Amino acid sequence: MAATVLTWVQSGTHWALAMWRMLWLPLLLMVTTAAAAAEQQVPLVLWSSDRDLWAPAADTHEGHITSDMQLSTYLDPALELGPRNVLLFLQDKLSIEDFTAYGGVFGNKQDSAFSNLENALDLAPSSLVLPAVDWYAVSTLTTYLQEKLGASPLHVDLATLRELKLNASLPALLLIHLPYTASSGLMAPREVLTGNDEVIGQVLSTLKSEDVPYMAALTAVHPSKVIRDVAMLAGGLGRQLLQTQTAAPTVIHPPVIYKNGTVPQILFWAQNFSVVYRGQLEDLTPLTFGVQDLNMTGSFWNESFARLSLTYEHLFGTLVTFKFILSNQLYPVSARHWFTMERLEIHSNGSVAHFNASRVTGPSVYSYHCGYVSSVRKNGNLLVEATESSHWEITLQDFQIQAFNVTGEQFSYASDCAGFFSPGIWMGLLTSLIMVFIFTYGLHMILSLKTMDRFDDHKGPTIALTQIV
């Protein structure tokens, strides 16, 4: 009898375990499949030499994954209206964490492994960044572009690209494969990404020299998992001082100095000085700063008016002159002099393009500094075009200028364009004031409560309440 009971107990235990496994196994498979699907997403970066190809992505909130249908809504108008030459930079592995870990954050552009890519996005008339795109959509991207363009994909490298003769009217789909850590041996991820960025920069320089309009895309076959560099892993995972990592040397070019005789009168500097004319981009930074024979003919200075004139020969096939015009006057209300950059003029082919720059202003004893002084809307639009359809776009990154009270060849204290009270600070102050008002009102209501001064005593006479009809 005992043996029979023991057999029943054992069989019941096995049956219960089997039922538990049957119930939990599908759920475990669903969770594992969902986790694997969540990891199969890669970033997609698009930019073009034509303008107004993409509107800002409306659904790119945190956690949003762009599907193949949504990706086609971004690409269809660009392929129909944009350039017919399409570049597809296809990397073995890439994730949005690569840009976070190895990109230039907080203004440290010298530490970025994507300097050429960041510069191309800043200067491109049209760009779109999709942080997370479904892996299936990216896997069919080459086939999709081939069907839309009607051209077979051509695998090229730098040597082959230099021999190609691209035509703006004929479609072309160029595939450029970039390696990652899976095919780079013991090279650190930063070194591999920097090398890939150099390839992107050389390809774009080749297209720029041929003056061919293009649309470019950067994505990956598979997502990557960001790990520490090999050198960091070799040193162990213990605590390390931040000061022990030597920063790469930063090359800072000197400012443009206009002298009245031997005395400096106007100082001008920018990290990047670039212009776009009819869709053609030209970087004037190496032609402006650190150049001994810079043509500043036409520059002028006195105590109330200053003009810095920069002339470039053979720019877009002609002679182009940029004139920064500033004025200095006393304001009785503040009892001090303030300077204003009245306008920026671009002279070429007998025509003049005017850009209103009256928001570039500050006390005359200071210099003026701003992260972007540009006619492009996404960069602040401090330069407002006064002439319609001049086909000129100008961007000055990390701009600084001083035309009055210059002492030596260094800028005075900078009056920055970024105000102290940002929209975030105003929102925080307003929210705090509302909360203080609610707290004060609630405390006032609590203090205004009054207790009863008479109570019904069952031993004494009852309280009589007169009925009011």
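1. Burial and overall make-up. In this predicted model, 36% of the 469 residues of the protein chain count as buried. The chain exposes about 28,700 Å², and carbon and sulfur atoms supply 61% of that area. Its secondary structure comprises 11 helices and 20 strands. Of the contacts between residues at least 6 apart in sequence, 67% join residues at least 24 apart.

2. The largest nonpolar core. This core holds 55 residues, and Trp47, Leu87, Phe89 and Leu218 have the most contacts inside it. Strand 5 (residues 172-178) contributes the largest share, six residues. Leaving aside residues up to four places away in sequence, Leu87 touches Leu174, Ile176, Val203, Leu204, Leu207, Tyr214, Met215, Ala216 and Ala217.

3. Another core. Apart from the core that includes Leu87 lies another of 41 residues, with Val256, Ala357, Val373 and Leu382 among them.

4. Aromatic pairs. The whole structure contains 14 aromatic pairs. One of them joins Phe316 and Trp392 edge-to-face, with 5.7 Å from centre to centre and 80° between the planes. This pair links distant parts of the chain, 76 residues apart: Phe316 belongs to the loop between strand 12 (305-315) and strand 13 (318-331), whereas Trp392 belongs to strand 19 (residues 392-402). Phe316 is partly exposed, because its relative accessible area is 22%; Trp392, at 5%, is buried.

5. A tyrosine pair. The ring centres of Tyr366 and Tyr413 are 5.3 Å apart and the planes stand at 70°, so this pair is also classed as edge-to-face. Tyr366 sits in the loop between strand 16 (361-363) and strand 17 (367-374), and Tyr413 in the loop between strand 19 and strand 20 (414-416); the pair therefore ties together parts 47 residues apart in sequence. Tyr366 is partly exposed, with a relative accessibility of 30%, while Tyr413 is exposed, with a relative accessible area of 62%.

6. The aromatic cluster. Phe316 and Trp392 also belong to one aromatic cluster, together with Phe268, Phe273, Tyr277, Phe289, Tyr312, Phe322, Phe324, Tyr368 and Phe399.

7. A nonpolar surface patch. Leu430, Ile434, Met435, Phe437, Ile438, Tyr441 and Met445 form a nonpolar patch on the surface, and together these residues have about 780 Å² of accessible area. Tyr441, one of the residues in the patch, is located in helix 11 (residues 423-447).

Note on methods:
Residues are numbered from 1 along each chain as its sequence is written. This is a predicted model: local features need pLDDT of at least 70, side-chain atom pairs count only at pLDDT 80 or more; totals for chains, interfaces and linings use all residues. Side-chain values use heavy atoms; hydrogens and water are left out. Helices (H or I, at least four residues) and strands (E, at least two) are DSSP runs, numbered from the N terminus. Buried means under 20% relative accessible area, exposed over 50%, partly exposed in between (1.4 Å probe, protein chains only). Contact means heavy atoms within 4.5 Å. Accessible areas come from the Shrake-Rupley method with a 1.4 Å probe; for residues, only the protein chains shown count as cover. A nonpolar core is a set of buried Ala, Val, Leu, Ile, Met, Phe, Trp, Tyr and Cys residues joined through side-chain atoms within 4.5 Å. Patches are made of residues with over 30% relative accessible area and no salt bridge: like charges are joined within 9 Å, nonpolar side chains (Val, Leu, Ile, Met, Phe, Trp, Tyr) within 5 Å. A salt bridge is a side-chain nitrogen of Lys or Arg within 4 Å of a carboxyl oxygen of Asp or Glu. Rings of Phe, Tyr and Trp (its six-membered ring) pair if their centres lie within 6.5 Å; planes under 30 degrees apart count as stacked, over 60 as edge-to-face and the rest as tilted.
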